Amino acid sequence: PRPDTTMSATLPTPDELRDVRHALGLKAVDVDRAGVAHYGTVSNWELGNTAPDLDQLRALLAYYDAVEAVRDGERLAEAVPDAVLGDDAVDEGGEA
């Protein structure tokens, strides 16, 4: 028999989706205000009533990653090249 070469991924559970949002200190309405998904949709995902499709999940996780990056100065500094910020965009205290 040939080995299975298909990729499989585990999608986050409704509880995991909620836990990530809570860990970031976000409310469902924050996701809505960011234009990612309506707060009722987020609630339905987190209750397990519906599930995000792949594009919705990618958008949600990209938003969560962006929120985390903004809150984490090191990650933000690494994510934005100096050429974009300019040499004097960050002062010696690490603040932009």
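Modeller: A residue is called buried when its relative accessible area is under 20%, exposed when that area is over 50%, and partly exposed in between (1.4 Å probe, protein chains only). Residues are numbered from 1 along each chain as its sequence is written, and side-chain values use heavy atoms, with hydrogens and water left out.

The structure holds one aromatic pair (ring centres within 6.5 Å for Phe, Tyr and the six-membered ring of Trp; planes under 30 degrees apart are stacked, over 60 edge-to-face, the rest tilted). The partners are Tyr 63 and Tyr 64, whose ring centres lie 5.9 Å apart with the planes at 45°, and therefore the pair is tilted.

Helices here are DSSP runs (H or I, at least four residues; strands, E, at least two), numbered from the N terminus. The protein chain has six helices and zero strands.

Which residues does Val 42 contact, leaving aside its neighbours within four places in sequence? With contact meaning heavy atoms within 4.5 Å, Val 42 meets Arg 21, Ala 28, Val 31 and Ala 37.

Arg 21 lies in helix H1 and is buried, with a relative accessible area of 8%. Not counting residues up to four places away in sequence, Arg 21 touches Leu 26, Lys 27, Ala 28, Val 31, Val 42, Glu 46 and Tyr 64. With Glu 46 it forms a salt bridge (a side-chain nitrogen of Lys or Arg within 4 Å of a carboxyl oxygen of Asp or Glu), and the closest N and O atoms are 2.6 Å apart. That pair links distant parts of the chain, since Glu 46 belongs to helix H3 (residues 39-47) and Arg 21 to helix H1 (residues 14-23), 25 residues apart. Glu 46, like Arg 21, is buried.

The structure holds five salt bridges. Arg 33 pairs with Asp 30, the closest N and O atoms being 3.9 Å apart; the two are three residues apart in helix H2 (residues 28-33) and so separated by about one helical turn. Arg 33 is exposed, at 67% relative accessible area, whereas Asp 30, at 21%, counts as partly exposed. Asp 15, Arg 18 and Asp 19 are linked in a network of salt bridges, within which the closest N and O atoms of Asp 19 and Arg 18 are 3.3 Å apart. Asp 19 is partly exposed at 41%, and Arg 18 is partly exposed at 27%.

Val 36, in the loop between H2 and H3, is partly exposed, with a relative accessible area of 24%. Apart from residues up to four places away in sequence, it touches Val 31, Ala 59, Leu 60 and Tyr 63. Val 36 and Leu 61 are 25 residues apart in sequence, and their C-alpha atoms are 9.7 Å apart.

For the whole chain, buried residues make up 18% of the 96 residues, and 55% of the contacts with a separation of 6 or more join residues 24 or more positions apart. Mean pLDDT (the predictor's confidence in each residue, from 0 to 100) is 80, and 68% of the residues reach 70 or more. Confidence is highest in H3, at a mean of 97, and lowest in helix H6 (residues 82-85), at 50. Where pLDDT is low, the predicted coordinates should not be read in detail.
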